[in-house]
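Here are a few notes to read alongside the model. They start with a pair of helices and then move on to confidence and the interface.

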Protein chains: 2
Amino acid sequence: MTKHRKVNNLLGLTALAYLTRAPMHAYELGRTLRDNGDARSVKFNHSSLYMVIQQLAKAGFVAERETSREGQRPEKTVYAITEAGRLELLDWLRELIEEPQHEYPHFVAALSLIGALGPDDVVELLRRRLHGLAAQRSEIRDLINTTLAGGVHPLFLVEEEYRLALLEAETDFVERFIDNIVDPETGWGPLWDQFHNTNPEGNSS
Amino acid sequence: MTKHRKVNNLLGLTALAYLTRAPMHAYELGRTLRDNGDARSVKFNHSSLYMVIQQLAKAGFVAERETSREGQRPEKTVYAITEAGRLELLDWLRELIEEPQHEYPHFVAALSLIGALGPDDVVELLRRRLHGLAAQRSEIRDLINTTLAGGVHPLFLVEEEYRLALLEAETDFVERFIDNIVDPETGWGPLWDQFHNTNPEGNSS
DNA sequence: CCTGGTATAGTCAACATCGACTATACAGAG
DNA sequence: CTCTGTATAGTCGATGTTGACTATACCAGG
């Protein structure tokens, strides 16, 4: 049933997690997040961070600790997590792990409208996608290998392993899909072509 | 390189696709979308639709065709796709299929912060997730079976097949993850526990 | 005949997001 | 010693998204 959270932005979750380690100001949080590579897992936008922290403060999950300035630089406001914030973090994390969410990946949307393109066109595009997928996979594999080589426990790489698993599944899917289209015996090509030509807009119904 | 599109909302893409079949007004579009089951593939919100159509109109991808009213009901404005809109639709679809996008699923965010919870807790939550995943999978399988039984070509179900493939991959991943935690020989449990107790906030660095 | 639920059709204001901008400090190139 | 690029720290405004609201029509149950 996915609760209505006062702050409903995963950047907020990440902020709470970091603030349990130590009070920080917004910019520092952003930097840590980037350096830690968590920007790969959570959509991170510099200005969103300031907004999210305001929201967290308004909701009582973090509290302003002190504001200071060094020289002529802009003032910085340090925030600390509150007890309510700790509870929210744990509750939210538990929910995210416990309940699979219905999400809307771009590729799903594209697939649902794929009839608007012709089969030859699609096969070519899917082949290019396979290259992209291979690139992403090897990028992740490199990341994992070099990180593990640095002595980090695999627990801290689960999110990358997960991503990798999904990319592999997608690759398999795309390969099967291509086969389904081009198979000279049972391929969907001819039928699709026919449909596409009499009905060049596509999408079912 | 993902172009900056004037309308950057997949609901807009879907709207364009539907409008290639026939001019429609906003509400009708929404209904068709729901009845067609495309609301499962694209995040659909009643009021977003009106906004998106305005955007499409402003960008010149659709044009107001006529406005009419029946009885005392609100006026309805019928929109038709333009030539620019047709081109945009094809170009956009091609891009979505050709280039895998980096996305940010909720579960990835949760995994990246999972150290904030203890291993026993996590195992329990993951087991519950497995149930949820199984439910989602069988829901999709039912949908596919009944639709195919209705004589619909599998091409119009690729998006559900894709979703199913991802859910299966996720299931495998979660099962492996649980094993990695609980394995009495090599399991991460003890180490994780230790880490979690000396450092109850979690997250690497 | 009245009432509740739902389909029709759309608007609106609150809130969220994101790119662009401001402004200082500082290190290195030339 | 000036110039340029980058790190620091944050604000602002345009745009997007969402839930809640308005208002009519229509059908079924009691």
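This is a predicted model: local features need pLDDT of at least 70, side-chain atom pairs count only at pLDDT 80 or more; totals for chains, interfaces and linings use all residues.

1. Start with helix H1 (residues 10-19) of chain B and helix H2 (residues 26-35) of chain B: they pack at an angle of about 95°, with axes 11 Å apart. Axes are lines fitted to C-alpha atoms, for helices over the stretch in contact, and angles run from 0 to 180 degrees between N-to-C directions. Helices (H or I, at least four residues) and strands (E, at least two) are DSSP runs numbered from the N terminus. So H1(B) is roughly perpendicular to H2(B) (the word covers 65 to 115 degrees).

2. Who touches whom here? H1(B) brings Thr14(B), Ala15(B) and Tyr18(B), and H2(B) brings Leu29(B), Thr32(B) and Leu33(B). Contact means C-beta atoms, placed from the backbone, within 7 Å. Sorted by class, that is four nonpolar, two polar and no charged residues. Nonpolar means Ala, Val, Leu, Ile, Met, Phe, Trp, Tyr, Cys and Pro; charged means Asp, Glu, Lys and Arg; the others, Gly among them, are polar.

3. Residues are numbered from 1 along each chain as its sequence is written, and chains are lettered from A and ligands numbered from 1 in the order in which they are written. Chain A averages a pLDDT (the predictor's confidence in each residue, from 0 to 100) of 90.

4. Now the interface: 67 residues of chain A are in contact with 67 of chain B. H7(A) gives the largest share of chain A's side, 10 residues. That side divides into 39 nonpolar, 15 polar and 13 charged residues.

Terms used:
Two residues are in contact if their C-beta atoms, placed from the backbone, lie within 7 Å. Angles under 35 degrees count as roughly parallel, over 145 as roughly antiparallel, 65 to 115 as roughly perpendicular and the rest as oblique.
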